[in-house]
Amino acid sequence: MSIFFKKTYHIALISLILFGFTSQAWATHISQPVIESLQSQYTAGDTVVVQGWVMYREKPTADVLLNFKLLHPDGHIIVDKSYPSDSQGQFKFKFDTQHEAPGAYQLTVTSHCLGIHRYACTYKNATTLIKLTKP
């Protein structure tokens with residue numbers, strides 16, 4: 001082996017090792033919203049309540065910023081708002097269907113992680129369908 005090849009090999013090996021550790025350090029925060037609502041079908045005019053919790057390392061986690069995006073059956077966004085999980089790691093999303101048409105609405109809850117972990121967040125989400133029927 002030539003000296004040039006040995007140096008190149010060692011530099012490449014060191015770079016791979018350092019990159020491997022660095023990439024793990026930057027992508028380590030994984031929080032996952034878990035939707036627990038038992039009901040998915042409602043009558044138009046009802047108030048829909050979807051609840052759940054945020055899992056991090058198999059435990060509920062407080063103060064995780066969550067984004068709630070609700071899509072109308074035709075695909076346009078009805079709700080797009082964010083707020084954190086409560087002190088027990090729970091969340092609750094309420095949607096008044098008083099002026100909504102029957103159909104299948106889609107709610108996606110996305111975890112934006114704790115404020116101090118934003119740089120390493122994986123933005124996991126959970127999705128559920130909300131079916132509205134005629135009164």
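Biologist: Before we start, what makes two aromatic rings a pair?

Modeller: Rings of Phe, Tyr and Trp pair if their centres lie within 6.5 Å. Keep in mind that this is a predicted model. A search of the whole structure finds four aromatic pairs.

Biologist: Okay, why is the pair of F68 and F93 called stacked?

Modeller: Planes under 30 degrees apart count as stacked. The ring centres of F68 and F93 are 5.6 Å apart and their planes sit at 15 degrees, so stacked it is.

Biologist: And what makes this pair a tie between parts of the chain?

Modeller: F68 belongs to strand β5 (residues 65-71) and F93 to strand β7 (residues 90-96), so the pair ties together parts that are 25 residues apart in sequence.

Biologist: How do you know whether F68 is buried or exposed? And F93, buried or exposed?

Modeller: Buried means under 20% relative accessible area. F68 has 0%, so F68 is buried. F93 has 1%, so F93 is buried too.

Biologist: Then why is the pair of F95 and Y105 called tilted?

Modeller: Under 30 degrees would be stacked and over 60 edge-to-face, and the rest count as tilted. F95 and Y105 have 55 degrees between their planes, with 6.0 Å centre to centre, and form a tilted pair.

Biologist: What makes a cluster out of F68, Y83, F91 and F93?

Modeller: Ring pairs link those four residues, F68, Y83, F91 and F93.

Biologist: What share of the contacts with a separation of 6 or more comes from residues 24 or more positions apart?

Modeller: Those account for 62%.

Biologist: How confident is the predictor about the chain?

Modeller: The mean pLDDT is 83, and 74% of the residues reach 70 or more. Over residues 8-27, though, the pLDDT is below 50, and beyond near neighbours in sequence this stretch has five contacts in the model.

Biologist: What should I do where pLDDT is low?

Modeller: Where pLDDT is low, the predicted coordinates should not be read in detail.

Conventions. Residues are numbered from 1 along each chain as its sequence is written. This is a predicted model: local features need pLDDT of at least 70, side-chain atom pairs count only at pLDDT 80 or more; totals for chains, interfaces and linings use all residues. Side-chain values use heavy atoms; hydrogens and water are left out. Contact means heavy atoms within 4.5 Å. pLDDT is the predictor's confidence in each residue, from 0 to 100. Helices (H or I, at least four residues) and strands (E, at least two) are DSSP runs, numbered from the N terminus. Buried means under 20% relative accessible area, exposed over 50%, partly exposed in between (1.4 Å probe, protein chains only).
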